[in-house]
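User: I've got a structure open and would like to talk it through with someone. Can we go over it in questions and answers?

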Amino acid sequence: MSWKPADRENIEALADWLLAEAKRRGAEGAEVAYSEGEGNSLSLKDGEVEECISGASSALGVRVLLGGGRQGAASGDKLDKASVSELLDWSLSNAGSAEPEEGVFLYSGEPLFADPEILQIDPEIDRITAQQRMESCRQLTALAGSADSRIISVRAAVWQDGRGSDFYASTEGLSGWERGSSASCEAVVLAQQNGCTEMGGYGMDSHRLCELDVEKTALRAVSDAVRRDDHLADLLIGGNTEHNVGHDALHDAAQSARADVHLHGLFRDGGQRLRLVFERFSVLCAVRYFAHGHIKRGKGEENDLDTL
């Protein structure tokens, strides 16, 4: 896959223009988020390829605040001046027609940084090959399928990896870049005993490739399915007739857990990434860390991480 990140100076210039133009057109405040990334996803079902996807996405969004607790937002994937200007038009229009809300403001406090020992860039993730993804999925399938005689199917052996960059700027004078990479592995299995079938799953995701454990993932998925199978057998022996409800709830929980694993990866569409960036960089989450080593406050003033 060939993916080229956007020019940072261009993104920063567009953000500066958007923030100034939003203020000129009457906004009390505004913030801009840009997100870009690429990712790979491979999934096997009982050892056969079910899904193999590679892709890249990018998006830019703007949120404006008007008086009285009104706010509006818009996003798109085009970075030319006309398209960006249209995003501002839409966000102002949305804010103008929005109902007032309480607690609508921009974060203006000091940023907090992650421990520098927990950097979110791992070059090993960038070097993962298609063959390595396949080997990991096959290993998940083999380990999970042979761990317990009650396992009748390895419904999903999944590997994902991705990398990307996020940028945030607001009229409060805060701006900065964040880069990250991540990888994840997951197994979902079916166990059968006493005429009952149960689903179990387990997944891991990390910013460091060395922290992923394929064997642990497979065995924990099996343990999860077998534990549920044993629990259901106990309910049946005890005459409890509510096991069908429990089965549905466990199935939903397993599906939900699988969705969570996928969400944590960087392989997601630009619009969803933008939403997460806004949540992470706005008042919903005041924790900010920029892996490039400095953050700009106000005009041209830079503070090194070591001095903050």
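Predicted model: local features only at pLDDT ≥ 70, side-chain atom pairs only at ≥ 80, totals over all residues.

User: Good. Is cysteine 52 buried or exposed?

Analyst: Exposed means over 50% relative accessible area. Cysteine 52 has a relative accessible area of 60%, so it counts as exposed.

User: And how many disulfides does the whole structure have?

Analyst: A disulfide needs a pair of cysteine sulfur atoms within 2.5 Å. For cysteine 52, the nearest cysteine sulfur is that of cysteine 137, 9.1 Å away, and cysteine 52 is in no disulfide. Cysteine 185 is in no disulfide either, with the sulfur of cysteine 137 as its nearest at 8.9 Å. Searching the whole structure gives a disulfide count of zero.

User: Is cysteine 185 buried or exposed?

Analyst: The cut-off for buried is under 20% relative accessible area. Cysteine 185 comes out at 0%, so it is buried.

User: Where is cysteine 210 found?

Analyst: Cysteine 210 has a relative accessibility of 67%, which means it counts as exposed. As for its place, cysteine 210 sits in the loop between strand S6 (196-206) and helix H5 (214-237).

User: Let's zoom out. How many helices and strands does the protein have?

Analyst: The protein has 308 residues, and 43% of them count as buried. Among its contacts with a separation of 6 or more, 72% are between residues 24 or more positions apart. The secondary structure comes to seven helices and eight strands.

User: Are helices H1 and H2 parallel or oblique to each other?

Analyst: The axes of H1 (residues 8-24) and H2 (residues 81-96) come within 11 Å and cross at roughly 40°. Roughly parallel would need an angle under 35 degrees. The crossing is right-handed. The two helices are therefore oblique.

User: Which residues of H2 meet H1?

Analyst: On the H1 side, the contact is made by Leu14, Trp17, Leu18, Glu21 and Ala22. The residues of the contact split into six nonpolar, one polar and two charged. The H2 partners are Lys81, Val84, Ser85 and Leu88.

User: What is the phi of aspartate 46?

Analyst: Aspartate 46 lies in the loop between strand S1 (29-45) and strand S2 (48-66). At 43% relative accessibility, it counts as partly exposed. Although aspartate 46 is not a glycine, its phi is positive, at about 50°.

User: And what is the phi of asparagine 194?

Analyst: Asparagine 194 is in the loop between strand S5 (174-193) and S6. It counts as exposed, at 61% relative accessibility. This residue isn't glycine, but its phi is positive, near 55°.

Note on methods. Residues numbered from 1 in each chain as written. Heavy atoms only, no water. Axes fitted to C-alpha atoms, helices over the stretch in contact; angles between N-to-C directions. Helix = DSSP H or I, 4+ residues; strand = E, 2+ residues; numbered from the N terminus. Parallel < 35°, antiparallel > 145°, perpendicular 65-115°, else oblique. Left-handed = near helix turned anticlockwise from the far one by under 90°. Contact = heavy atoms within 4.5 Å. Nonpolar A, V, L, I, M, F, W, Y, C, P; charged D, E, K, R; others polar. Buried < 20%, exposed > 50% of the residue type's maximum accessible area, 1.4 Å probe, protein only.
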